[in-house]
Amino acid sequence: MKRFASSLAVVLLVLLVGCAEDEPVAPTDPEPQRTPTGSSPRRADPPPSSFRPAELTLELEPYAAGFEAPLLVTHAGDGGDLVFVVEQVGRIEIVDDGEVAGTFLDVTDLTEPGGEQGLLGLAFHPDYERNRRFFINYTDTAGDTIVAAYRASRDGTRADEASARTILKVDQPYSNHNGGHLAFGPDGYLYIGMGDGGSAGDPQGNGQSLDTHLGKMLRIDVDAGGGYGIPNDNPFVDGGGLPEIWAYGLRNPWRFSFDEPAGTLWIGDVGQDELEEINRVSAGEPRLNYGWDLMEGSRCYSSGDCDPSGLVLPFTEYEHDHGCSITGGFVYRGAKFDNMRGGYFFSDYCSGNIWGVDATARGPVEPNLLLASERPISSFGVDEDGELYVTDISSGEVLRVVDAG
């Protein structure tokens, strides 16, 4: 067993809350080309939901332990039935049936973890079973965001560290609000969540500026060669903004996920002083403005009077009486728990509350409080069967989300 998260890392990660107290702090073989399927249309008939919050007895069931500041749990999609746990300190561990089976990648010498910095994201290529390509997001020793491409061994159990290739670097003006999540969309492109650059109140106006990657959802084609390409339907490919930008107006998107059966994208965006929000949109809808820093959630932020027209308003939100830093989650599509199916589950890092909402509902909706876990939940994740997990950064545990009833 590895040591648990150091008290320094745990205390510093509380900065993730992004509340008013935030303060500033000073080549491999060429890949055969694949044609992405293009943007995913909004479905008129999303899968039916059997989500019944009143009948749920939600519990967190221990699955694996001994991690150092776990920030993410995911799978490779290659039929291997393994899960991968990302540790903020710079390691990715393989877990096989609840037991740590070895280190997949170690980049501890490339990052200085603490606060909101470190190894933050991992995404496996949709064709990982064949090409063994995967991507990570971390802050380097200077505190800047790096998105890097790697290849793994043929059996998928160990990364080839010599294959590392930086494909994107974004300068970070402050140490917080780095975003850090990566995920492939149903269109085959890689999406990158970027925070507004940090401090408090977006002092540089990055959320609404189209001349910076900060405060954005980026969308790139990692199969285009030469690092990456720009999808031809990105909204600013012909000018008016940076071509990688897919959406803007985000403060600190701490975990987003695609619900492919419904063709939707879900984003948890950390609030400033009052509100934490979840956004649900069509996965194929570009140029959306999520409002920051004109609005915080459904309320005006930068002035007492703002025009919300043309902005994406939250699907659900909660006030800081119930927590102070949202952890975005997933729509449950597993087979084990009928009462959970079709519900979107998310939590708060500070309070440990876990909520659920019906993914098919017409928003905005009030969230259903399902469990007061009192755990610092740093991330949700799913395995290849669609079963749901959370990571507890303090105890170093990965736990399964189950309906004990």
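This is a predicted model: local features need pLDDT of at least 70, side-chain atom pairs count only at pLDDT 80 or more; totals for chains, interfaces and linings use all residues.

Residues are numbered from 1 along each chain as its sequence is written, and side-chain values use heavy atoms, with hydrogens and water left out.

Select His75, Phe184, Glu260, Phe330 and Val382, which among the 34 lining residues are the closest to the centre of the largest pocket. That pocket holds about 810 Å³ of space. On a 1 Å grid over the protein atoms alone, a pocket is an open set of points with protein on both sides within 12 Å along at least five of seven lines, whereas a cavity is a set of points where a 1.4 Å probe fits but cannot get out; lining residues have an atom within 4 Å of a point. Grid points are joined across faces, edges and corners, and the volume is the space filled by probe spheres set on the points.

Next, colour the strands that each supply at least two residues of this lining: S2 (70-74), S6 (119-124), S10 (182-184), S14 (253-259), S21 (326-331) and S25 (377-382). Strands here are DSSP runs (E, at least two residues), numbered from the N terminus. S14 gives the largest share, four residues. By class, the pocket lining has 18 nonpolar, ten polar and six charged residues (Ala, Val, Leu, Ile, Met, Phe, Trp, Tyr, Cys and Pro are nonpolar; Asp, Glu, Lys and Arg are charged; the others, Gly among them, are polar).

**Cavity**

Now select Arg251, Asp269, Glu277, Tyr290 and Trp292, which are among the residues lining the largest cavity. Its volume is about 50 Å³, and its lining divides into four nonpolar, three polar and four charged residues. Keep Arg251 and Trp292 displayed: Arg251 lies over the face of Trp292, 5.4 Å from the ring centre. The criterion is NZ of Lys or CZ of Arg within 6 Å of the ring centre and within 35 degrees of the ring normal. Then move to Trp246, where the charged end of Arg219 sits over the ring, 4.0 Å from its centre.

**Disulfides**

How many disulfides does a search of the whole structure find? There are two, a disulfide being a pair of cysteine sulfur atoms within 2.5 Å. Select Cys300 and Cys306, whose sulfur atoms are 2.0 Å apart; the torsion about their S-S bond is about -90°, so this disulfide is left-handed.

Then select Cys324 and Cys350, joined at an S to S distance of 2.1 Å. This pair links distant parts of the chain, 26 residues apart: Cys324 is in the loop between S20 (316-319) and S21, and Cys350 in the loop between S22 (343-348) and S23 (353-358). Cys324 counts as buried at 16% relative accessibility, whereas Cys350 is partly exposed at 36% (buried is under 20% relative accessible area, exposed over 50%, partly exposed in between, with a 1.4 Å probe and protein chains only).

**Aromatic cluster**

Finally, select Phe84, Phe104, Phe124, Tyr128, Phe134 and Tyr150, which ring pairs link into a cluster. Rings of Phe, Tyr and Trp (its six-membered ring) pair if their centres lie within 6.5 Å; planes under 30 degrees apart are stacked, over 60 edge-to-face and the rest tilted. Phe104 and Phe134 form a tilted pair, 4.9 Å centre to centre with 50° between the planes. Both Phe104 and Phe134 are buried. Phe124 and Tyr128 form an edge-to-face pair, at 4.8 Å and 70°.
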